[in-house]
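Reader: Could we go through this model together, beginning with the strands and ending with the chain contacts?

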Amino acid sequence: MNLFEDYKNVIKKAVENDPTKSNRILGLSESALESNREYLKSLRNELPGRELSPEMKLFAKGMGVPETFDYQPLGSHPDFAYLKGTDLVEEHWIISGFIDVKKSTKLFNNFTKATVRLITESIIRASMFAVNLCGGYVHRIQGDGLMVYFGGKNIEKLKAVEDALKSFSMISYFVKNDLKDFFEENGIQDIHTRAGLDLGHSKQVDWFYSGIGESGEVTTCSLHTSLAPKMQSNAKNSGIVVGHNITTQLRKDKYFEQRSKEIHDYEDGRKYHQYNFDWERYLVDNNLAVQNDMGVLVLTINITPDPNRNSRDLYPIASKSKPYFNYGQK
Amino acid sequence: MGKNELDKDIISFLNNYFAFKEVKSPKSGYRALEGKVSVLDRKNKLWGQFEILILINEKNYPYTIPIVIEKTEIIKRDWDFHISKEGECCLDIPHKLLKMKKRGIVLEEFYREVIYPFFANYHYKVATDKYANGEYKHHFKGIAQFYQEEYGLNNYGNIIALLETTVSGIKYQPNKQCPLCGGSKYKKCCRKKVYSLRGYGLDQLKLDLALFKENNLKTENISV
Ligand SMILES: [Zn+2]
Ligand SMILES: [Zn+2]
């Protein structure tokens with residue numbers, strides 16, 4: 001069992017049942033498209049909702065979150081929702097995060113647009129799950145990505161930084177480990193996430209209501225909210241880039257590699273730096289993942305033996321070893 | 001030379017296996033890596049975890065076999081599990097390890113191909129009651145088994161003749177009848193085995209020779 005298994009299965013089924021390939025020569029008939037749409041409509045119900053799978057519950061428990069959690073409504077961070085419709089301003093620290101899935105436009109050549117839509121939605125829903133699991137707030141869904149806040153009035157800054165890093169690491173893991181190989185087997189190269197995260201301290205962030213009357217949102221004005229999407233676009237494939245403020249909270253150099261070019265020049269001699277975040281090392285160090293013989297990550301919070309393991313699957317590794325005993329006798 | 005190469009290989013190992021870190025070595029002249037082995041099968045299902053210590057001889061690397069100590073004491077300190085009282089794991093028969101040592105090891109490969117499989121095999125044995133690829137018998141019998149499996153040799157006299165030739169370095173006419181077993185041409189017969197045996201190093205071969213001689217006497221006595 002795997003944390004994102006249910007999302008992955010929906011994507012798998014959507015891809016396997018896509019009519020595009022089998023109808024390549026004749027072209028897709030309207031009836032084929034229609035039955036595909038019907039199929040996907042019911043498949044969509046297999047995406048996890050508020051009810052969590054056993055593995056998801058295990059993670060929720062391990063992270064101190066209730067087993068059925070309510071997804072926070074989009075748009076307004078609950079701690080600042082009172083600003084809605086007012087012209088008040090509050091200064092309060094926040095972590096802003098941007099993550100999206102860069103998917104090849106080739107998806108549209110291989111699948112119907114209904115299939116592409118369900119693939120996208122599954123990834124978005126899995127990401128929203130990971131954000132909510134780690135105490136974050138999805139502020140906005142944009143295209144193939146999310147804008148997210150971590151932090152608030154009842155949480156310590158360091159804890160919020162750790163939550164943000166865990167959450168984005170899990171999403172990066174999902175796409176890199178669970179989905180990438182599957183898509184490559186199906187002829188889709190290079191599907192990957194990119195993410196950016198930065199922390200603005202209280203003096204650096206204004207919370208306010210932006211808009212007129214009902215049509216507006218509670219949002220932040222901060223250099224660091226603006227830098228996060230720039231870091232995201234600088235990230236390598238499957239990479240997470242974070243701002244200097246994040247690194248000074250965590251104080252663990254081993255996870256951060258400073259990029260040669262700064263993300264912001266204050267034009268007074270000071271520069272604000274950006275860092276590549278080693279999320280794979282972070283997941284393992286925080287007991288959220290283990291590594292197999294090849295060093296490949298497997299996301300798990302539970303280190304008790306898997307009840308569904310089968311010695312057949314262990315044989316190829318175990319049979320490399322043939323032990324001998326000669327202690328106590330020369 | 002050994003030192004720079006070891007430095008490089010340790011860095012590369014730690015960059016790939018995040019559950020390990022370098023610690024102060026309890027044994028002088030050695031570098032020590034401490035961490036967790038998570039045994040996952042080919043379907044990435046978890047079987048268990050071990051905390052281990054890997055000790056690597058600094059001066060001899062890569063021509064050395066790391067010492068592996070199981071610290072969690074999950075593995076019962078019992079010779080049926082190929083582990084010493086102190087937790088030192090017996091990874092393989094010395095002959096195979098010696099060959100690796102002569103060729104030189106690469107830390108990551110050694111972890112993947114020898115250390116990790118040793119712990120996977122422990123779980124395999126616990127689950128199925130036998131090792132995946134069998135095991136060597138203990139002590140001398142295991143050595144005899146090795147010669148049988150690796151070279152197809154059953155006759156102790158034959159093995160002794162081979163070992164004596166290898167240890168002494170005697171050269172025979174390559175195109176004449178094999179003086180060791182009577183086969184047609186020496187170069188097509190036992191010479192290949194002599195060449196292969198050299199890979200284990202003189203020390204091990206002398207030890208084996210003494211053991212076979214000793215046990216040959218014993219069996220002779222029994223049969224008389
Ligand atoms: Zn044994
Ligand atoms: Zn011969």
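Author: Helices (H or I, at least four residues) and strands (E, at least two) are DSSP runs, numbered from the N terminus. The model is predicted, so local features need pLDDT of at least 70 and side-chain atom pairs count only at pLDDT 80 or more, while totals for chains, interfaces and linings use all residues. Residues are numbered from 1 along each chain as its sequence is written, chains are lettered from A and ligands numbered from 1 in the order in which they are written, and side-chain values use heavy atoms, with hydrogens and water left out.

Reader: Which strands join strand 8 of chain A, then?

Author: Strand 5 (residues 192-200) of chain A runs parallel to strand 8 of chain A, and four bridges join them. Leu197(A) has Val242(A) in strand 8 as its bridge partner. Strand 12 (residues 274-277) of chain A pairs with strand 8 in the antiparallel sense, over four bridges. There, Gly243(A) stands opposite Gln274(A).

Reader: Is strand 8 of chain A buried or exposed?

Author: Strand 8 (residues 239-243) is mostly covered, with five of its five residues buried. Buried means under 20% relative accessible area, exposed over 50%, and partly exposed in between (1.4 Å probe, protein chains only). Gly239(A), Val241(A) and Gly243(A) lie on one side, Ile240(A) and Val242(A) on the other, and all are buried.

Reader: What is the strand order in the open sheet of three strands in chain A?

Author: The order is 1-6-7, with antiparallel pairing. Strand 1 (89-91) and strand 7 (215-221) are the edge strands, each pairing on one side only. On average, neighbouring strands of this sheet are turned by 25° against each other, direction ignored. For such angles, axes are lines fitted to C-alpha atoms, for helices over the stretch in contact, and angles run from 0 to 180 degrees between N-to-C directions.

Reader: How many bridges are there between strands 1 and 6 of chain A?

Author: Strand 1 and strand 6 (residues 206-212) pair over three bridges, in the antiparallel sense. Glu91(A) stands opposite Asp206(A) of strand 6.

Reader: And chain A overall: how many helices and strands?

Author: Chain A has 10 helices and 14 strands. Its C-alpha trace spans about 75 × 70 × 40 Å along its principal axes. Of its 330 residues, 52% count as buried.

Reader: Changing topic, how much area do chain B and chain A bury between them?

Author: The two chains bury about 4,400 Å², 60% of it on carbon and sulfur atoms. Buried area is the accessible area (1.4 Å probe) that two parts lose on being put together, summed over both. Phe18(B), Arg42(B) and His139(B) supply 19% of the area that chain B buries against chain A, more than any other three residues. The contact (heavy atoms within 4.5 Å) takes 53 residues from chain B and 40 residues from chain A.

Reader: How many salt bridges are there between chain B and chain A?

Author: The count is four, a salt bridge being a side-chain nitrogen of Lys or Arg within 4 Å of a carboxyl oxygen of Asp or Glu. Arg42(B) and Asp293(A) meet in a salt bridge through their side chains (3.3 Å, N to O).

Terms used. Two strands pair if DSSP finds at least two bridges between them.
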